[in-house]
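Dear colleague,

I am handing over the structure below, and I would be grateful if you could read the notes that follow alongside it.

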Amino acid sequence: MVSPPCGLLTHQKEPVPLKSISVTLSIREFVAGVSATLNYENERTVPLEAFFVFPMDEDSAVHSFEAVVDGKKIVAELQEKSEARTNYENAISQGHQAFLLEEDDQAGDIFSCNVGNLPPGSKAALTLKYVQELPLEADGALRYVLPAILNPRYKLSGGPEGGSLQTNTPAVPSKDVPYTLSLAATISSQHGIKSVQCNCPVNPIDYLEDKTSAQISLADGHKFDRDVELLVYYSEVHTPSVAVEMGAPATKPDSLMGDPSAMVSFYPNIPEAPSPTACGEFVFLMDRSGSMHCPMNNQNPSQLRIEAAKETLIWLLKSLPIGCYFNIYGFGSSFEAFFPESMKYTQDTMEEALKRVKSMDADLGGTEILAPLKAIYSRTSIPGHPLQLFVFTDGEVNDTFSVIREVKSNGQRHRCFSFGIGEGASTSLIKGIARASGGAAEFITGNERMQSKALRALKCSLQPVVEDVSLSWDLPAGLSAKMLSPEPTVIFRGQRLIIYAQLTGTMPPAEATGKVCLKYTLQGTQFENPVAFSLQPKSDANLTIHRLAAKSFIQTKDMGFQETPANDKKDILKISMECGVISSHTAFIAINKDLNKPVQGPLARSDVPSPMLFAQSMKGCCFGAMQCSAPAPMSCNSAPMMGASVSKLRKHGGGPKLFRLQGGGTRSMKRQTLAEHLDNDEMSLGCSSTDMADLETNHTDDPLVQLISLQKADGSWDLNEGLAVVLGMSLGDIQAALPVKSVDSSGWATVLAVIWLHDKYKDMKCEWELLERKAVAWIHSHAGSATDGLVKAAVDFLKSSVDPAVFAP
C-alpha cells in the first residue's frame, strides 16, 4: 500500500480556513507594539469551527482581541478562563458565532485562537494586539522576534492528559503552509537609527533623512522556514532613562490603570573585577533529546544542535578556573550525570569529562528536564562555591510552569543561565528559569554561535557578586512610587535592567522633576547610578507602559492555570482583568449576539496546521501511523499528523538511527569524530587521544578547535607535534627557537599559542578570552622574570604585530 503524502491539511483534505496573517509592528525606542490579524474564510458548505495554535514571545502582553465578521466588528471581553471556556462552548452549542483567545495552561508562549460557527462563505478577520520590551544584545542591538515556528512540545511520560493547547495541532513543511505571512514595521528613536537587519528577505529599507525613523517590510512570498528576527541598532542605547505614562482616563485613581506608571531603564556601568581563582560549582545540564539531532538552522550545510552543544561544552570545560567544582548532566526521557557528585576541576577530571563529551549523542528520547533539576538541587552545597547552573535545550517541553516553579523554589541558592537552541525554542521556559533564579537567558538562532553566548555567560558567572542592590526614589512631597517589578537582587556586567513602578498620590506641577537611583556594592566599593526625569506624564492610547508593568507583575506570580497558589491567582486575576492583559488564568472571548438567527447545520472542525522546520527528513512519513516507508530520521520539529504524538514516536524508537560504541557511547552512523579523524596519526603527533579528540563536529579541520583541544586544565599548552600542526610549523623549528633554554618548553608553547590566537582569531576573542586569562596567569607563575623575553621572542618568531601588553598580569 502506498503511504499518503506528507502535508495533508485536514482529515478530509478540505481547504484550511486561515488564509493569511498580517503583522504591523511599531518599535519606539525600546518597546514594540504589535497588531497581528488572522484572516479566515470558510470555503466549505457547512459551518466551521477553526482551531489555530501559534507561538509568541513569553514577554508579550496581549491586551486586545477583536473580530470583524463580514464587515461587523466584535470586541472581545477578558474573562476568567474557566468562565470564558464555558461561555464559548455554550455559544457555539446554541449556534451562535464565538471567538476565543487563550494562553496555554502549561506555557506562557503558546496561544490558541478558536473561531466557532463561521458560516459557509463567511469571512472573519481576527486581530490581537500586544506590547513587549525588546531585549538588548551584547553588541548593542535591540532584538525583535516574531515566532513563526511552533515546535511540538514533548509530553511527559505518565503526565496528565489534556491541558496543552497544541497537543493535536498538525504541522506541515513550510512549502505546504496554506496561508501567507506579511510584516511591516515602523521604527523610531530620538537616539537615531544606525541600521536595521533582518534574517529574512525584505524590501528596501526606507529611512528618514535624519534617520530617526525607518520602515521595513518582508519581501513578498515569505516562507515559514524560520522565525522572523529584526535587529535594530541605535546610535545610543546605554543611556539610562525614565518614561512616565499618564493613566487611563475615567479610571479610578489608586489603581494601576488610573495612576501614572514609570518605566525605568538602567544600564549600570559595573567595572570588570578580577575573577576569583577557584570559586564556584558549575553544573552544565545538556539536552540530549532526539530533537537535538536537528540542524542549528535551515541552511545547508548546518551544524547539528548536538554537535554545537558538544563543542560548546569543550570551550566551557577548558575555560573553568583550576580549583572550582563541576559536573555535566545529560537529559531526555531519562538523565545521567558524568560524576556521582561535582568534582574538583583538575587535569584528570577535565580529561575524564572530555572523554564523556566525546561519546555524547542525542539519544535519550524525550525532553524531561524536571527530574534532573531536582537531582541537582538535592545535592549538598559546597561551602564557598555557589552553584552556577547552565541549561542548554531546544525547549520542547510541556510542563514549563512546573520547571519554573522548581527553579524558583531553589532560586536563593543558585543562579541559572539558560540557552534556547534553534528556531522555536520555548521563550517561556528559557526566560522563565533565568528570571526565577536571577540568572540570564540567551537564544541561539540562525548563524549565531552557541560558544560565544555560553562563554559570555560563564564570564559573568565568574565575576564577583554584586551585593546590597537597592533602588531609591526621590520624589516631591505627596508622591510615592509603588514597585510593580521585583527589585533586582543580581546585576551582571553589561546587563540592562527595566523596572516598573506605579506613581501614587498627587502629581506636582508640570515643571517638577524626580530622581531614581540604583545602588549596589562591588568588592567593598559602593556604586550609584542616579537618573533624573520629568514628572510630566505623556499620554499613550495603547497604555504601553501600564500594560508592560502589568505583565511584569503577572510573570512574577503566574505558575500556570493549575499550579498557581490561590493568593497569587487572586492577585493575577485582579491585575489581568483591570489592565486587560491576558494571563494563564484569563481568556478573551467575543460572541456575535447580533445575528438575526443562529448558524444552522452540523459543525465541522478544522485544525489549522503550523509550519515545521527541516521537513526534508520527513520523507516517507505516513499519517496516523508510527512508521515510515523509508528509514529516514524523524524531523526534530515535525509534529506527527493525525494524532500520533511526538512523545509516542520517540518512545517507539523514532529518531536517528544510532549504534553503540564500545565503551558505552553512541553516535550518529554518518558522523566521524575528531578522534577518529586523527587516530591514525596519533602516535606520530605525540599527543593523547583526549587532547586531539575532544569533540564530534563538522569542523574537524578548524585550527581554533584543534588548538583549544590541546590546552590543559591549568591554561598551558605542551610543546608537541599537535601544536606545531596548528601553528603551521615544524616541531624542530619551534624547539630551536626557544630563547631561554632554562625555561620549561610549555612556557614557550603557551606564549606562542596566545599570540597565535590574537593573530588569527581576534574577532572571536569573546570565545577564548577566559582561556587566554588562564594561560597568561600560568605563564607568569611558571616563567616569572623570563616572561618578557619569551613574549618578545615569540612575537619575532611568528612575525606578529601583537602588542606584548596582552601578557600583562
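A polar contact here is a pair of N or O atoms within 3.5 Å, where within protein one must be able to donate a hydrogen and the other to accept it, and where residues adjacent in sequence count only if both atoms are side-chain atoms. This is a predicted model, in which local features need pLDDT of at least 70 and side-chain atom pairs count only at pLDDT 80 or more, while totals for chains, interfaces and linings use all residues. Residues are numbered from 1 along each chain as its sequence is written, and side-chain values use heavy atoms, with hydrogens and water left out.

By that criterion, the side chains of S342 and E281 are joined by a polar contact of 2.6 Å. S342 lies in the loop between β21 (335-337) and β22 (343-344), strands being DSSP runs of E of at least two residues and helices runs of H or I of at least four, numbered from the N terminus. With a relative accessible area of 14%, S342 is buried (under 20%, whereas exposed means over 50% and partly exposed in between, with a 1.4 Å probe and protein chains only).

In helix α19 (residues 787-797), the buried residues are T787, L790, V791, A794 and V795. They lie on the same side of α19, because they cover an arc of only 130 degrees around the axis, the arc being that of the directions from the helix axis to the C-beta atoms. On the other side of α19, D788 and K792 are exposed. After α19 comes K799, whose phi is positive, near 55 degrees.

Best regards
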